[in-house]
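Please look over the structure below with this short report beside you.

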Amino acid sequence: MLKSLYTRLALGLFVLLVAVGLVYTFISTVSLREYNASVNQELNRNLARDLVSDRNLVDEGRLDEKALKALFSLYMTINPSIEIYLLDMDGKILAYSADPDKIKRNAVSLEPVQKLLADETAYPVLGDDPRSHDRRKVFSVTPVPSAANPEGYLYVVLRGEEYDSAEMMAREGHFISMSAWAVAVSLLFGMFAGLAVFRLMTRRLTRLTRIVEQFESADLAIDQAPRWRDQRSGSRDEIDYLGMTFDRMADRIAYQIDQLREKDALRRRLIAQVSHDLRTPLASIQGYVESLRIKRADLSIEQQERFLDIALNEGRRLSHLVDELFELAALEAREKQPQPEPFAPGDLVHDVAQKHTPEADKKQVTLAVSGDLQLPLAYGDLGMTERVLDNLIRNALDYSPQGGTIALALTASEDQLRVTVADDGPGIAENDLPHVFDPLYRGDQQDSPGHAGLGLAIARRIMDMQGGSVAVSNRDPHGAVFEIRLPLRSAETVRK
């Protein structure tokens with residue numbers, strides 16, 4: 001029941017309104033009591049003085065005790081809402097108009113009496129109630145027989161016992177009933193108004209929750225699941241911000257799922273291609289070895305040597321492919337991380353060219369290095385960059401015709417090092433260009449060496465890890481051009 005946010009808000013509103021109602025009732029009661037006391041004391045501030053004057057309580061400068069007793073008797077009958085007390089100068093009660101059995105004090109404090117006499121506009125001033133040890137009430141007071149020659153005080157309690165009883169009955173009756181109804185109606189109105197506001201506030205949150213639930217159950221059709229942007233209103237608050245954040249998260253998840261599907265498809269295709277490329281040299285090795293074993297007596301020495309050379313070459317090809325598979329797997333798993341450092345690009349290109357010169361000479365292919373060999377220091381992993389150049393040059397050697405040229409050129413532009421490897425081969429079919437760097441991609445080029453490899457895929461992965469890039473294009477009239485780029489500034493951020 002309390003799991004719903006709307007229910008919790010409603011309960012919280014109810015408790016808050018009840019607390020506000022109680023506080024309001026308490027404050028209203030205290031304020032009303034203070035107000036009534038002030039009004040009563042203001043209206044009757046001269047009552048004690050008027051009683052002395054109107055009832056002729058002072059005769060020849062002395063207090064007329066007979067007139068005082070008559071006053072007590074009169075006011076007990078016609079105005080029981082006030083109580084009259086005669087005090088001496090120390091506050092001791094000398095006479096009074098109240099029931100003797102209910103008087104509990106022998107004296108009252110003179111501090112409030114003196115305060116009111118000193119400032120008659122100070123309201124309300126509460127004095128001791130002789131009927132109680134702790135209750136205090138508003139009063140009117142005057143010195144007797146006169147202010148010039150005081151012998152005591154005429155102390156008039158303005159809210160006597162009869163008044164308290166009447167007030168209690170009124171409070172318990174109609175007044176309390178009306179107040180209770182007013183508070184109840186106010187609380188109910190506030191409750192329903194608050195529930196309506198909470199419904200409006202939580203409606204969008206409920207809609208967002210429904211979108212999240214639909215997204216959760218979308219499964220394979222996650223890219224077709226509803227989004228908050230399709231149902232958002234004109235509000236721009238925290239709920240809308242949460243909905244837009246969910247949209248970004250959902251789009252990212254959908255993109256990652258698409259990437260996983262694509263990678264899974266690539267993995268399946270890679271496994272199929274690897275199986276084929278591994279099976280071919282294995283079958284060749286097995287075939288030639290079995291031929292040697294079965295027909296060894298019928299084969300000449302030259303034929304046996306040729307069979308062994310073919311089997312050995314296929315074994316080397318198989319070993320090279322397996323090594324590349326392990327290298328690409330390590331790069332994809334980030335087991336090998338680049339260690340970037342400044343290095344001289346001219347020295348690196350020159351050393352790589354020298355390393356591949358014997359193989360190029362054997363194929364009667366010329367390796368030519370051009371460009372500015374005194375370029376500023378590049379920033380990257382020296383070993384990995386050399387591995388990329390090795391793969392590009394080896395790929396160019398595979399496709400270059402006899403007597404052809406492989407041109408290595410160094411240039412710099414926009415704070416980047418550019419190294420190009422261009423060959424005189426047949427080039428790459430336009431529909432194959434986007435897939436050249438895919439692992440074991442086998443294009444439709446008729447002049448292909450007959451197998452696909454992982455060298456270009458490894459080159460692209462290495463350049464990505466270094467924050468560089470590798471690209472390919474065809475050259476006119478024929479041949480292919482591979483270009484790698486690395487930053488020339490050592491402060492360049494390396495993308496991990």
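Asp258 is partly exposed, because its relative accessible area is 36%. Partly exposed lies between two cut-offs: buried means under 20% relative accessible area and exposed means over 50% (1.4 Å probe, protein chains only). Arg261 is partly exposed too, at 36%. The side chains of Asp258 and Arg261 form a salt bridge, with 3.7 Å from N to O. A salt bridge here is a side-chain nitrogen of Lys or Arg within 4 Å of a carboxyl oxygen of Asp or Glu. Side chains of opposite charge can pair when their charged atoms come close. Both Asp258 and Arg261 lie in helix H6 (residues 238–295), three residues apart, which is about one turn of the helix. Helices (H or I, at least four residues) and strands (E, at least two) are DSSP runs, numbered from the N terminus.

This is a predicted model: local features need pLDDT of at least 70, side-chain atom pairs count only at pLDDT 80 or more, and totals for chains, interfaces and linings use all residues. Residues are numbered from 1 along each chain as its sequence is written, and side-chain values use heavy atoms, leaving out hydrogens and water.

**Salt bridges**

How many salt bridges does this rule give? The count comes to 15. The table lists some of them.

| Pair | N to O distance |
|---|---|
| Asp258 and Arg261 | 3.7 Å |
| Arg317 and Glu314 | 3.4 Å |
| Glu327 and Arg387 | 2.5 Å |

Arg317 and Glu314 both sit in helix H7 (residues 301–332). They are three residues apart, about one turn of the helix. Arg317 is partly exposed at 29% relative accessibility. Glu314 is buried, with a relative accessible area of 17%.

Glu327 forms a salt bridge with Arg387. Glu327 lies in helix H7 and Arg387 in helix H9, so this pair ties together parts that are 60 residues apart in sequence. Both Glu327 and Arg387 are buried.

Five strands make an open sheet, in the order E4-E3-E7-E6-E5, with antiparallel pairing. Two strands pair if DSSP finds at least two bridges between them. Which strands are at the edges? They are strand E4 (93–96) and strand E5 (126–128), and each pairs on one side only. On average, neighbouring strands of this sheet are turned by 40° against each other, direction ignored.

Strand E3 (residues 83–88) runs antiparallel to E4, and three bridges join them. Tyr85 stands opposite Tyr96 in E4. Helix H4 (residues 111–118) packs on the sheet. Helix H4 touches E5, strand E6 (136–145) and strand E7 (150–157). Contact means heavy atoms within 4.5 Å. The direction of H4 makes about 70° with that of E6. Axes are lines fitted to C-alpha atoms, for helices over the stretch in contact, and angles run from 0 to 180 degrees between N-to-C directions.

Asn395 lies in helix H9 (residues 382–399). Is Asn395 buried or exposed? Asn395 counts as buried, because its relative accessibility is 16%. Leaving aside neighbours within four places in sequence, Asn395 is in contact with Leu456 and Phe482.

Leu22 lies in helix H1 (residues 5–43). Leu22 is exposed, because its relative accessible area is 59%.
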